[in-house]
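Trainee: I would like a close look at a single part of this model, taken slowly and with the terms spelled out.

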Amino acid sequence: MTPEEVVVAIKDIIQTIAPDEEVDGLDMNERLRDQIELDSMDFLDIVMELRKLYGVQVPEEDYKELGTLQGCVDYLGPKLADKELHCASRA
Amino acid sequence: MNDLPEGNPARLERAVEVWLGSPEALGGLAGRDLLDDAERARADRFLRPEPQVTYTSAHALVRRALSAYAPVEPRQWRFSVGEHGRPDVDPRTPGLDADTRRLAFNLSHTRGLVAVAVSTVPAIGVDVEWIGRKNDLRRLAAAKFAPAERGRLEREVDEQAFRRRFFRYWTLKESYLKARGTGITLPLDAFAFQVECGAPVDVAFDAVLGDDPSAWQFEVSDVGTEHALAVAVGRGVDAPDLAVRIFTAGVGRP
């Protein structure tokens with residue numbers, strides 16, 4: 001997965017969990033929780049979707065790395081480099 | 001609706017007061033006049049109007065609720081932010097004295113409901129949840145709850161009963177994490193709640209948390225038919241329980 005595909009993957013998971021949210025306009029560097037209505041339970045859902053779709057484990061102490069889309073790219077990019085993009089919301 | 005005398009911190013001796021309201025009942029975006037520049041900028045960053053309304057009404061309620069206990073106008077409150085993003089009253093807020101500088105609060109909001117807890121005990125946490133939310137609750141419970149909690153949930157065959165019990169555990173967990181100021185950096189399965197009708201809420205902590213159940217008081221309740229509410233109070237080891245009072249707030253009142 002390229003960095004661009006990591007962004008697509010994260011937006012797709014958010015869209016699955018929170019279908020009402022507008023993901024196309026998300027800023028890469030603003031906190032996700034400042035742009036869309038995303039709380040702790042949604043965040044845990046994102047982590048569990050990452051595990052289900054890509055086999056990626058994110059330990060609690062690393063949750064803070066996923067606060068922005070850019071943070072997701074930086075943290076997940078290496079872990080997803082050899083994975084293929086799945087689009088859950090369109091599956 | 002309840003009215004409060006202004007500037008009366010004495011009400012909070014050995015008490016936690018929780019103010020509840022829907023974003024609409026709280027005036028929605030009209031609360032924007034009470035927010036500071038940083039809060040307005042943050043409200044404006046939301047991409048959709050609904051979170052803007054919820055954020056604005058919630059933060060306006062924080063200011064109005066705090067002003068019920070100290071001689072400070074709602075617009076004048078200043079806040080500081082802790083390591084994990086938890087906001088607190090900035091003791092440099094003009095007009096505070098030795099008593100009112102101890103004011104502590106915690107805020108929670110969910111679809112259709114805002115809650116602000118105020119106390120002079122610093123370790124307080126509040127959580128409200130809309131119990132109709134669409135997340136996969138069974139997957140969350142299986143992955144994140146303590147074994148004893150999972151066992152009790154699995155025995156709930158009725159979907160509504162499962163949902164009610166799930167959100168009692170969830171709001172209690174969130175309120176505890178918020179009272180500790182850590183957010184979800186602590187493992188949710190390292191502490192287990194027991195909630196049975198007519199009995200005080202019981203909690204067990206794993207050693208990894210380094211905490212003592214006798215230092216805590218928990219309250220959990222339904223709010224109408226659609227919301228759950230929990231309050232956590234770190235009142236100190238074997239200290240007497242605080243009174244937890246819950247009020248409905250509206251426009252023009254806290």
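Trainee: What percentage of the 91 residues of chain A count as buried?

Mentor: This is a predicted model, in which local features need pLDDT of at least 70 and side-chain atom pairs count only at pLDDT 80 or more, while totals for chains, interfaces and linings use all residues. Residues are numbered from 1 along each chain as its sequence is written, chains are lettered from A and ligands numbered from 1 in the order in which they are written, and side-chain values use heavy atoms, with hydrogens and water left out. In chain A, 52% of the 91 residues count as buried, where buried means under 20% relative accessible area with a 1.4 Å probe, protein chains only. The fold of chain A consists of four helices and zero strands, in the order α-α-α-α along the sequence; helices (H or I, at least four residues) and strands (E, at least two) are DSSP runs, numbered from the N terminus. Because a compact globule of 91 residues would have a radius of gyration near 12 Å, the 12 Å of chain A agrees with that expectation; the radius is taken over C-alpha atoms, and the globule rule is 2.2 Å times the number of residues to the power 0.38. The C-alpha trace of chain A spans about 30 × 30 × 20 Å along its principal axes. Among its contacts (heavy atoms within 4.5 Å) between residues at least 6 apart in sequence, 59% join residues at least 24 apart. Chain A exposes about 4400 Å², with carbon and sulfur atoms supplying 47% of it, by the Shrake-Rupley method with a 1.4 Å probe.

Methods: Buried < 20%, exposed > 50% of the residue type's maximum accessible area, 1.4 Å probe, protein only.
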